[in-house]
Amino acid sequence: MKTVYLRDERKAGERRSPLTPASAKRLIDAGVNVYVEASATRVFADTLFQEVGAEVTTATWESMPQNTLILGLKELPLSDEAVSHQHIYFAHAYKGQDEAKQILTRFNAGQGCIFDLEFLTDSNNHRIAAFGYWAGFVGAGLALLGQAHYKKQTLVEFPEIKPFVDKDDFIREIKRQLGSDIANTRVMVMGALGRCGTGASDLLAAVGIRKPTLWDMAEYDAAEKPVLSILDHDVFINCVYLTGDIPPMIDQQRLSQNNKLRIISDVSCDPNSANNPLPVYDTITCMTRPFVQASGSDEYPVFVQAIDHLPSLLPKESSEAFAGALLPYLVELCREDELPAIWEKALGCFEKARDEVLN
């Protein structure tokens, strides 16, 4: 019988889960042993997993038998200890990120492997499960909260932000903060046709932003780079999923000419990658400090949001959507003796990245 271990997330502010009590029950009904690491922060209480037959445990994933699948979302705590298990999570280690070598070295040393959730794709290279929609939805909303805040008090840092009860609570708070400025706030979305861009557009519509500027690759390819028209807006939201190097959307020289743009919401969030299309900041932000000032914007400050786990602000809805999409493939992985095609392809991505970084 296969075993899946759902690990607790150690990242501050992370409350999402790739497994819900309902999807845990489906796995159990399919003959899978499900262990759930006890958590005080996960959006689904431990008791809800116990009620469907999962075993809640304080044992760490390192202590689990070798053939256990370790399921999580965000990165493992930094360590040089060898990893020998098969892990399913977002490793952020295949695009030249700062921690890539350390992560891949750990797995290589223990002969473990990563089935990276970002690289679980079907035959058309479409991701089978993604948080993109909710990342865009939250990223757009947080951008508007930033606009409301910094328009009133430029020199006061944006306060710590905590998860909302649900999307309706989130929308109400944005409307309350922006007030009558909603009608006059100009917003541009780059990558508007993807999952992330769709989520951003839906949020803008829900709060009443009129006629946002919606660009996708056709408009971007046709424009001069960096894109001067970004500076015609109060808020710029980047939702482009990067697969390679592209010319910068905005840079420090362009920002030095700015007298309108106030907020950049980098939902794609790859500041540590060589492919970063927004080379005006170089650090991921967090729930306790959601915004940093962009470089090159001293005279008219621009503030950048770059939280890499935005859907955590709506943890229940985003977890249910993601876990529901992942579940059929997780059941297939646990049922089959041979590695199903989607998982085989993800393993190949891991092995390619490992060999490129370590050889």
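Lys 352 and Glu 356 are both exposed. This is a predicted model. The two residues form a salt bridge, with their closest N and O atoms 2.7 Å apart. Both belong to helix H10, residues 341–358. They sit four residues apart there, about one turn of the helix.

## Other salt bridges

Side chains of opposite charge can pair when their charged atoms come close. The structure holds 16 salt bridges.

Arg 42 pairs with Asp 46, the closest N and O atoms being 3.5 Å apart. Both of these residues are buried. Glu 9 forms a salt bridge with Arg 7, and here the closest N and O atoms are 3.7 Å apart. Glu 9 has 7% relative accessibility, so it counts as buried. Arg 7 has 4%, so it counts as buried too. Asp 8, Arg 10 and Glu 37 are linked in a network of salt bridges.

## Helices H4 and H5

Helix H4 covers residues 132–152, and helix H5 covers residues 167–178. Their axes come within 9 Å and cross at roughly 25°. That angle is under 35 degrees, so H4 is roughly parallel to H5. The crossing is left-handed.

Which residues of H4 and H5 make the contact? From H4 come Trp 134, Phe 137, Val 138, Gly 141, Leu 142, Leu 144, Leu 145, Gln 147, Ala 148 and Lys 152. From H5 come Lys 167, Phe 170, Ile 171, Glu 173, Ile 174, Gln 177 and Leu 178. By class, the contact has eleven nonpolar, three polar and three charged residues.

How values were computed. Residues numbered from 1 in each chain as written. Predicted model: local features only at pLDDT ≥ 70, side-chain atom pairs only at ≥ 80, totals over all residues. Heavy atoms only, no water. Axes fitted to C-alpha atoms, helices over the stretch in contact; angles between N-to-C directions. Helix = DSSP H or I, 4+ residues; strand = E, 2+ residues; numbered from the N terminus. Parallel < 35°, antiparallel > 145°, perpendicular 65-115°, else oblique. Left-handed = near helix turned anticlockwise from the far one by under 90°. Contact = heavy atoms within 4.5 Å. Nonpolar A, V, L, I, M, F, W, Y, C, P; charged D, E, K, R; others polar. Salt bridge = Lys/Arg side-chain N within 4 Å of Asp/Glu carboxyl O. Buried < 20%, exposed > 50% of the residue type's maximum accessible area, 1.4 Å probe, protein only.
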